[in-house]
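I am opening a notebook on a structure that is new to me. My plan is to look things up one at a time and write down what I find.

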Amino acid sequence: VEAPSATGSSALFALEEHYSAVSDSDDMVEITDGPIDEWKVLQSVRRGDAGAVASFTGTTRDHCDGKRVLRLEYEAYRPMALKEMRKICAEIRQKWTVLNISMVHRLGLVPIGEASVIVVVSSAHRTDALQASSYGIDKIKHSVPIWKNEIYADGSAWKANPDAVHFCCGCGSAPSVSGS
């Protein structure tokens with residue numbers, strides 16, 4: 001389905017069983033319920049005039065705050081999350097000279113060692129790519145409505161992005177999940 005963007009150009013909205021994606025000609029944002037294909041995301045920004053490709057991949061680690069982590073679970077308000085990720089791409093383009101941007105965030109259960117988020121930026125020069133990818137992940141963590149449930153060996157705890165909690169109901173807390 002083609003839909004006009006705010007600038008009048010078209011964006012491709014693909015809604016399938018396992019992912020939601022938005023792709024402009026040089027930017028791709030995606031939310032997936034399955035493993036992230038890191039190689040595919042990395043290749044999505046490569047082009048002949050790119051002298052640099054910088055990436056950040058966030059993975060599930062086995063500990064946090066002195067507790068043993070068993071796995072992470074993520075939930076999101078998908079339409080707003082995709083919108084906010086597109087806004088981050090636009091902000092990056094205003095601040096740095098970049099060629100392509102790809103951002104993918106995984107939802108659902110993310111086992112130890114697997115990727116939950118990846119941000120990849122290509123540019124002609126390394127400084128722009130490095131700074132833009134760092135900015136991208138920082139903005140995702142602070143403004144995209146995605147909530148993380150850390151499952152510890154001794155229980156679990158929701159950790160909301162501090163600036164994203166207002167997207168749900170404005171109450172300031174993470175979503176409730178039955179059985180947690």
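The entries below go from the whole chain down to single residues.

**Entry 1: confidence**

I noted at the start that this is a predicted model. I looked up the confidence next. The protein averages a pLDDT of 82. A score of at least 70 is reached by 74% of the residues. Residues 1-19 have a pLDDT below 50. That stretch still has 34 contacts in the model beyond near neighbours in sequence. Residues 165-180 also have a pLDDT below 50. Here I found 22 contacts beyond near neighbours in sequence. I remind myself that where pLDDT is low, the predicted coordinates should not be read in detail.

**Entry 2: the overall make-up**

I looked up the secondary structure. The protein has three helices and 12 strands. How many of the residues count as buried? I found 42% of the 180 residues. I also checked how far contacts reach along the chain. I took contacts between residues at least 6 apart in sequence, and 63% of them join residues at least 24 apart.

**Entry 3**

I turned to α2 and α3. Helix α2 covers residues 78-95. Helix α3 covers residues 126-143. How do I describe such a pair? Two packed helices are described by the angle between their axes and the distance between the axes. The axes of α2 and α3 come within 10 Å. They cross at roughly 145°. The crossing is right-handed.

Which residues make the contact? From α2 I listed E84, I88, E91, I92 and K95. From α3 I listed A132, Y135, G136, K139, I140 and S143. I sorted the residues of this contact by type. Five are nonpolar, two are polar and four are charged.

I searched the whole structure for salt bridges and found nine. One of them joins K139 and E91, at 3.7 Å from N to O. K139 lies in α3 and E91 in α2, so this pair ties together parts that are 48 residues apart in sequence. I checked accessibility for both side chains. K139 is partly exposed at 25% relative accessibility. E91 is partly exposed too, at 23%.

Another salt bridge joins K87 and E84. The closest N and O atoms are 3.2 Å apart. Both residues lie in helix α2. They are three residues apart, which is about one turn of the helix. E84 is buried, with a relative accessible area of 8%. I put E84 down as buried because 8% is under the 20% cut-off.

**Entry 3: other salt bridges**

I moved on to E73 and R71. They form a salt bridge, with the closest N and O atoms 3.4 Å apart. E73 is partly exposed at 23% relative accessibility. R71 is partly exposed at 27%.

**Entry 4: M85**

I went back to helix α2, where M85 lies. M85 is buried, at 0% relative accessibility. What does M85 touch beyond residues up to four places away in sequence? I wrote down V29, E30, I31, M103, V104, H105 and V144. M85 and V29 are 56 residues apart along the chain. Their C-alpha atoms are separated by 6.5 Å.

**Entry 5: S122**

My next stop was a strand. S122 lies in β10, which covers residues 115-123. S122 is buried, with a relative accessible area of 0%. I listed its contacts, again leaving out residues up to four places away in sequence. They are V45, A50, A52, V53, V98, L99 and N100.

**Entry 6: D65**

I ended with a backbone angle. Phi of D65 is near 50°. That is a positive value in a residue other than glycine. Where does D65 sit? I found D65 in the loop between β6 (63-64) and β7 (67-76). D65 is exposed, with a relative accessible area of 64%.

Notes:
Residues are numbered from 1 along each chain as its sequence is written. This is a predicted model: local features need pLDDT of at least 70, side-chain atom pairs count only at pLDDT 80 or more; totals for chains, interfaces and linings use all residues. Side-chain values use heavy atoms; hydrogens and water are left out. pLDDT is the predictor's confidence in each residue, from 0 to 100. Contact means heavy atoms within 4.5 Å. A salt bridge is a side-chain nitrogen of Lys or Arg within 4 Å of a carboxyl oxygen of Asp or Glu. Buried means under 20% relative accessible area, exposed over 50%, partly exposed in between (1.4 Å probe, protein chains only). Helices (H or I, at least four residues) and strands (E, at least two) are DSSP runs, numbered from the N terminus. Axes are lines fitted to C-alpha atoms, for helices over the stretch in contact, and angles run from 0 to 180 degrees between N-to-C directions. A crossing is left-handed if the near helix is turned anticlockwise from the far one by less than a right angle, and right-handed if clockwise. Ala, Val, Leu, Ile, Met, Phe, Trp, Tyr, Cys and Pro count as nonpolar, Asp, Glu, Lys and Arg as charged, and the others, Gly among them, as polar.
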